[in-house]
Amino acid sequence: MSKLFEVVVLGSGAALPTSNRAPSAQYIVCNNRHLLIDCGEGTQSQMRKYGVHFQKIAHIFISHLHGDHYFGLIGLLSTMSLLGRNQGLTIYGPVSLENILKVQFEAAFSPLNFQLNFIPLTANQKEVIFEDNLMRVSAFPLKHRIPTFGFLIEEKGSELKLNLPALKEAGIKKEYFRLLKQGNSIELLDGTLLNFADYTISASPPLSYAYCSDTAPFKNIYSFIKGTTFLYHEATFSNRHKERAKNTAHSTAEQAATVALNLGVKQLFLGHFSSRYANCEEHLSEASAIFPNTTIVEDGMKISIH
Ligand SMILES: [Zn+2]
């Protein structure tokens, strides 16, 4: 099993697609789980360009229904179906997304060949929306002009070691060791439950990646993603357009860096840049002055979470 935790930036721009920056989309591999967060126009072309095998994706998370975050979704789903996908797919997004997709597929008389599950996001607090023995995804509300959600991807159990004294003391048979080490809890025939967490040790602290786009600065973000190790935060504007950021419920690079500083993350990644900027030098210098370990993301960039 791969222990890879990696993000591929498929789109790093804001509202308008440009030749340098496609609208928002990020492909994430976490302990062999394949996820897509947001799916702006052209995402499937970006996937081909950057070598992402999109049929592996089992979960798609849509932050909100501004077009630059989901206009590529219908095209991607259609392509998956045309290429013979039969594995189910789960989409998590704002409530009305389900009907938007339904209308488009019905109008085209082109039902999908695979099972599409839809999980509506409605919470006004952080909530776990997907979890298995190796990772967890939580959604939390951001502060934007329409209902918008951020996502926290947390690995767990990726580096499990057997806790031999605990196994010996409980008299656990060797035949169960491999399953426990892989993070599986086991129910014995007599009904006893062997919880893998009781018999294994995590060798390194679990890593996490928070995706925050789009949002104005707000206080609750600190409780929602406390302890996160890596942060992606929108920085649509530089300080020159602070007023514009406020009026459109977006953030400046400096505001994003303040969030990173207060959270104490390892590294900050900035994206969702307005197409009005020829480059992101202002964003980088304004953010770095507050939080030095800041990276400007580019389309095609691979981020290793380690
Ligand atoms: Zn938006």
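Reply: Before the sheet, a term: two strands pair if DSSP finds at least two bridges between them. Strands (E, at least two residues) and helices (H or I, at least four) are DSSP runs, numbered from the N terminus. This is a predicted model, where local features need pLDDT of at least 70, side-chain atom pairs count only at pLDDT 80 or more, and totals for chains, interfaces and linings use all residues. Residues are numbered from 1 along each chain as its sequence is written, and side-chain values use heavy atoms, with hydrogens and water left out.

Me: OK. In what sense do E7 and E8 pair, and over how many bridges?
Reply: Antiparallel, over 4 bridges. Phe130 stands opposite Val137 in E8.

Me: What order do the strands take in the open sheet?
Reply: E7-E8-E9-E14-E15-E16-E17, 7 strands with mixed pairing. Strands E7 (127–131) and E17 (294–296) are at the edges with a single partner strand each, so one side of each has no neighbour in the sheet. The twist averages 20 degrees from one strand to the next. Such angles run from 0 to 180 degrees between N-to-C directions, with axes as lines fitted to C-alpha atoms, for helices over the stretch in contact.

Me: Which strands does H9 lie across?
Reply: Helix H9 (253–263) lies across E15 (230–234) and E16 (267–271), at about 155 degrees to E15. Helix H10 (281–288) packs on the sheet too, touching E16 and E17. Contact means heavy atoms within 4.5 Å. H10 makes about 170 degrees with the direction of E17.

Me: Switching to the metal. Which residues are the protein donors of the zinc ion?
Reply: His64 (NE2), His66 (ND1), His144 (NE2) and Asp214 (OD), 2.2 to 2.4 Å from the zinc. Donors are N, O and S atoms within 2.8 Å of the metal (3.2 Å for Na, K and Ca); water is not among the atoms, so sites may look incomplete.

Me: Why is the arrangement around the zinc ion irregular?
Reply: Because the 4 donor atoms subtend angles of 86 to 171 degrees. Four donors count as tetrahedral if all angles lie between 85 and 135 degrees; four count as square planar and six as octahedral if opposite donors are over 155 degrees apart and all others between 65 and 115; anything else is irregular.

Me: And how are the donors spaced along the chain?
Reply: H-x1-H-x77-H-x69-D. His64 is in the loop between E4 (59–61) and H2 (73–82), and His144 in the loop between E8 (135–141) and E9 (149–155), so the pair ties together parts 80 residues apart in sequence.

Me: His64: buried or exposed?
Reply: Buried, at 0% relative accessible area. His144 also counts as buried, at 13%. Buried means under 20%, exposed over 50%, partly exposed in between (1.4 Å probe, protein chains only).
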